[in-house]
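Let's learn to read a protein model together, one feature at a time.

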Amino acid sequence: MKMTIQIIIGLIILIALAGFVIKNQTDKKKQTKTEDKVLRNNEKPILKQFGDLTPSDFEKYPVWVQCHIIDYDEKWYDQTNEETFRPWTGQLPVTPDFAMFLVLADLKLNDGETFSGFVTPAIESEIKGPNDLGLIQPQIFTKYGKRIGFWTGMFPKDRTGIDEFYKSMDKNSDQIFPISLKQMTL
């Protein structure tokens, strides 16, 4: 019962957020449309599913945008879904009140080792504290290129999933946490 309520609340928040984004994107879309044509030139851009993004994708393009909402008037729109991202070539820094972005980040582990990853920028007024992982949803790439998210939302990892995370990082929890984000210069 508790999980059902959490799912319903999550869906309500997601629907409200989508409505907010659609309502506020029109003016900003007009502003960035010209800038973004640099990459696209009226051609289909590189489209990648969230789960298929790799460290080399972020080396080539440090910012990716969820294109399913902002590109609804493009001829290739029907090839996208909520998990589809493309490189962002518009103005920097990006703002999360326009669309969902994935931004390259260096994540420094507690033992001092730094790994590549990405975060989702959050609206500053919504951040309640330094541990508000639900807003920035950090993802880290292991030495072997595997992407791991350590914010799990309403569906936390079980002990097996947690152990697999530590094994894939070749570290224990004290070596990993706390993780800090290093400032990115784009």
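Predicted model: local features only at pLDDT ≥ 70, side-chain atom pairs only at ≥ 80, totals over all residues.

Q: Which residues of helix H5 are buried?
A: Two ideas first: helices (H or I, at least four residues) and strands (E, at least two) are DSSP runs, numbered from the N terminus. Buried means under 20% relative accessible area, exposed over 50%, and partly exposed in between (1.4 Å probe, protein chains only). In H5, residues 159-169, the buried ones are Gly161, Phe165, Tyr166, Ser168 and Met169. Looking down the axis of H5, these buried residues fall within an arc of 165° (taken from the directions from the helix axis to the C-beta atoms), so they line one face of the helix. Arg159 and Lys167, on the other side of H5, are exposed.

Q: What do the buried residues of H5 pack against?
A: Here we look for contact, meaning heavy atoms within 4.5 Å. The partners are strand E5 (114-119), strand E6 (139-141), strand E7 (147-149) and helix H6 (173-176). Between E6 and E7 there is a loop that holds Thr142. Thr142 is buried, at 6% relative accessible area, and touches Phe115, Ile148, Ser168 and Met169, not counting residues up to four places away in sequence.

Q: How do E4 and E5 pair?
A: Two strands pair if DSSP finds at least two bridges between them. Strand E4 (residues 101-108) runs antiparallel to E5, with 6 bridges; Lys108 has Thr114 in E5 as its bridge partner. The two strands form a hairpin with 5 residues between them, and Gly112 in the turn has a positive phi of about 95°. E5 also pairs with E6 in the antiparallel sense, over 2 bridges.

Q: Is Thr80 buried or exposed, and what does its side chain reach?
A: Thr80 counts as buried because its relative accessibility is 9%. A polar contact is a pair of N or O atoms within 3.5 Å; within protein, one must be able to donate a hydrogen and the other to accept it, and residues adjacent in sequence count only if both atoms are side-chain atoms. The Thr80 side chain makes such a contact with the side chain of His68 (3.0 Å), and also reaches the backbone oxygen of Tyr77 at 2.7 Å.

Definitions and conventions. Residues numbered from 1 in each chain as written. Heavy atoms only, no water.
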